[in-house]
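Please look over the sequence and the 3D structure below before reading on.

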Amino acid sequence: AVIDATAGIDANADITGSSISVKSQMPTDTKNSYKVRALSGAASKDTAIGGSIGVNYIDTSARAEVGDNTTLTGTTGDVRVEATNLNEIQNIAGGAAFASGGKGVGLAVSVNIINTLEAKATIGNDSTISADGMATVKAKSSLVPIEESLPLVGSIGVTSFAAGIAVGAGSGGVGAGGSSSVNVIFMDTTASVGTDTTIDGAGGVEVKAEDVLTVFSAAGGIGLTTGNAGIGIGIDVNVIDRDTFATIGAGAELGSTGGDVRVEAVSDDDVTSIAATFGVSTNGPGVALSIGVVVLLTDTQATLANGTNVNRTRLDAGGNVIVDAQGDADVFMLAGGLSYGNSLGIGIASTVFVHTDNVIASIGDYGGVTTGGASGLTVEATSIDDVLLIAAAGGTTGGSVGVGGSVIVSVM
């Protein structure tokens, strides 16, 4: 899916009205919705193979733009430049196979690629914005799972889920169930004011970038056999690159006689990754392998660019002046593998978590601030990470060798 929604005023425009809105937005209480189902099954007396692949590919952009050298005047109301891009997604893949006298193989792959998810609200260079009410430059984006209501469980949101189940019966049977769930996400939310631009809102000025990212992904594999080998494999991978920026260009001036001046970047990331497998053979080896990987690269910034001693970047308010960056990440990872083999049982589980996080709130060199509010000036950067990683594996056997191994790798 490719979606591009742009609202704009080109360069060198001069517009006056009671209020002015430049908005790339969505109808109230709606989201872009993406759902994929890929399910398969096979049954045979000899060899049965059931496989499915589900793929979501998404490019979605919402932009509200005001060009360079533009003048916008709201004589009695607000001037708003706002972009909103809200999305929900679900991808479920399942493969099942039953072989009554031979080999059963069940495979499933679920892939979500969000190549671009962006919301951008921008005012160009050398522009003048005046509002008798509020003056806002706001970008908001989200990506959340589609929720389903299940009996006894209630409502649950799933971004991606893949399960492979296989049963192989008979003395020479093999049961191999394998799955992979993959999410690759690039997310960019930006609210920006260009160099040497002046914004005056009598009721307040707000430049804000805000996003919400929630991912719930799982992969499972079950392999059962009364014959040679029962193998379960599950691999869950999430790679996320998310930027949230509220920026004020060099020499820009934001002012309000009667309200606050706010520059804010706020992000909320919630990632759950589960990989679970089960491998059983009553006459041979049982193998269970579970791997979960999360790479989370996040950058949240509310910043004023450097000015000069003769051209400062200014925030002036009759109320308070706030420059605030908030980054909140909650991550839960579980990898579990359990096996039983009459001759050999091997269970292996691993979670790998890599996280880099920049949260910056700053006023650059030669910044200028005046404030008449009770709280005055606030420049604050807050980063909160809540991370729980679990890897558990067991290998049992009716024979001579049982192996269970688990590994957790965390790089932050």
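## The enclosed cavity

On a 1 Å grid over the protein atoms alone, a cavity is a set of points where a 1.4 Å probe fits but cannot get out, while a pocket is an open set with protein on both sides within 12 Å along at least five of seven lines; lining residues have an atom within 4 Å of a point. Grid points are joined across faces, edges and corners, and a volume is the space filled by probe spheres set on the points. This is a predicted model, in which local features need pLDDT of at least 70 and side-chain atom pairs count only at pLDDT 80 or more, whereas totals for chains, interfaces and linings use all residues. Residues are numbered from 1 along each chain as its sequence is written, and side-chain values use heavy atoms, with hydrogens and water left out.

By this rule there is 1 cavity of 30 Å³ or more, and the largest cavity holds about 50 Å³ of space. Its lining includes V79, V81, I129, V137, V205 and E206, and the elements that give two or more residues to this lining are β7 (79-99), β10 and β15, where strands (E, at least two residues) and helices (H or I, at least four) are DSSP runs numbered from the N terminus. By class, the lining of the largest cavity has 9 nonpolar, 1 polar and 1 charged residues; Ala, Val, Leu, Ile, Met, Phe, Trp, Tyr, Cys and Pro count as nonpolar, Asp, Glu, Lys and Arg as charged, and the others, Gly among them, as polar.

## The largest pocket

About 180 Å³ of space lies in the largest pocket, and among the residues that line this pocket are K23, M26, P27, D29, E82 and K140. Strand β7 gives the most to the lining, with 3 residues, and the lining as a whole divides into 3 nonpolar, 4 polar and 4 charged residues.

## Salt bridges

The whole structure holds 16 salt bridges, a salt bridge being a side-chain nitrogen of Lys or Arg within 4 Å of a carboxyl oxygen of Asp or Glu. One of them joins K138 and E206, whose closest N and O atoms are 3.9 Å apart; because K138 lies in strand β10 (residues 134-150) and E206 in strand β15 (residues 204-225), the pair ties together parts that are 68 residues apart in sequence. K138 is partly exposed at 27% relative accessibility, whereas E206 is buried at 14%, where buried means under 20% relative accessible area, exposed over 50%, and partly exposed in between (1.4 Å probe, protein chains only).

A salt bridge also links R262 with E264 at 3.1 Å, N to O; here R262 is partly exposed at 27%, and E264 is buried at 8%.

Is S256 buried or exposed? This serine, which lies in strand β17 (residues 253-256), is buried, with a relative accessible area of 5%. The side chain of S256 reaches the backbone nitrogen of G204 at 3.1 Å, and a polar atom of that side chain lies 2.9 Å from the backbone nitrogen of G259; a polar contact is a pair of N or O atoms within 3.5 Å, where within protein one must be able to donate a hydrogen and the other to accept it, and residues adjacent in sequence count only if both atoms are side-chain atoms.

Leaving aside neighbours within four places in sequence, S256 is in contact (heavy atoms within 4.5 Å) with residues including D200, G204, V205, V261 and D316.
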